[in-house]
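Open the model in your viewer and keep the selection panel at hand. The stops below are meant to be taken in order.

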Amino acid sequence: MLSAATLEETFVKRGYVDVTTISSDILVSLMYARDDNFTGTVLYDGLDKAWLHPDAAKAVADAQRRLSEYKPGYRLLIKDAARPMSVQRRMFNAVKGTPKANYVANPAKGGGLHNYGVAVDITIADAEGNELDMGTPVDHLGVEANIDREAELVRRGVMSENARQNRLLLRRVMKEAGFSTIRTEWWHFNLVSKARAREKYRLLDF
């Protein structure tokens with residue numbers, strides 16, 4: 001496992017930025033720096049900063065600015081950001097051969113947009129730093145996390161209308177800042193398509 005110092009040194013060499021240096025309002029709590037994530041293992045040993053390509057970092061800062069306008073005191077909370085392929089391989093190997101593997105980009109097929117530093121897993125915290133109710137935790141693997149099932153989930157009592165509105169707020173600020181969604185994870189946002197990433201950005205293969 002790469003140390004936090006090695007990871008950060010490599011990110012800096014690649015021209016990546018710590019998102020909080022662009023917007024100090026943004027909070028960071030990396031879920032893969034702990035073992036209470038869906039893999040059950042620590043993937044970033046000691047890492048406590050969210051590193052992104054400058055294009056993505058500036059877009060997240062823009063999303064925070066919009067959030068502050070709509071809901072003063074609310075802060076974006078980053079759960080995962082740029083992810084080197086070495087971590088992607090460990091993540092995939094942890095769930096390979098299980099249903100969870102469907103939720104992890106296969107490194108043998110080029111990985112995903114986290115591996116280009118242009119995707120982010122993110123939620124919202126209130127003025128006291130408490131995560132808003134989003135119906136599921138970040139990293140929940142199941143239909144309850146799908147963004148196309150929310151109205152149905154509210155009708156069935158699986159998710160509250162307040163949680164649905166919180167998700168809509170998150171999507172609003174992120175999409176206005178230039179990010180796009182994916183169907184199965186309310187917390188995941190991509191700055192560009194996979195094809196565009198391959199053209200414009202460098203794969204984090206270390």
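This is a predicted model: local features need pLDDT of at least 70, side-chain atom pairs count only at pLDDT 80 or more; totals for chains, interfaces and linings use all residues.

Residues are numbered from 1 along each chain as its sequence is written, and side-chain values use heavy atoms, with hydrogens and water left out.

**Stop 1: the sheet.** Select β2, β4, β5, β7 and β6, which in that order form an open sheet of five strands with mixed pairing. Strands here are DSSP runs of E with at least two residues, and helices are runs of H or I with at least four, numbered from the N terminus; two strands pair if DSSP finds at least two bridges between them. At the edges are β2 and β6; each has a single partner strand, so one side of each has no neighbour in the sheet.

**Stop 2: strand β5.** Select residues 119–125. Seven of the seven residues of β5 are buried, meaning under 20% relative accessible area with a 1.4 Å probe, protein chains only (exposed is over 50%, partly exposed in between). Which residues point which way? A119, D121, T123 and A125 point to one side of β5, and V120, I122 and I124 to the other.

**Stop 3: the neighbours of β5.** Look for A119 opposite N190, and for D121 with its bridge partner H188.

**Stop 4: helix α5.** Select residues 161–176. α5 packs on the sheet and touches β4, β5, β6 and β7, where contact means heavy atoms within 4.5 Å. Its direction makes about 130° with that of β5; axes are lines fitted to C-alpha atoms, for helices over the stretch in contact, and angles run from 0 to 180 degrees between N-to-C directions. Buried residues of α5 include R167 and R171, and α2 (54–70) and α4 (150–155) are among the elements that cover the buried residues. Just after α5, G178 takes a positive phi of about 110°.

**Stop 5: the loop at S23.** Select S23, in the loop between β1 (17–18) and β2 (27–28). Why does S23 count as buried? Because its relative accessibility is 10%. Not counting residues up to four places away in sequence, S23 touches A61 and Q64.
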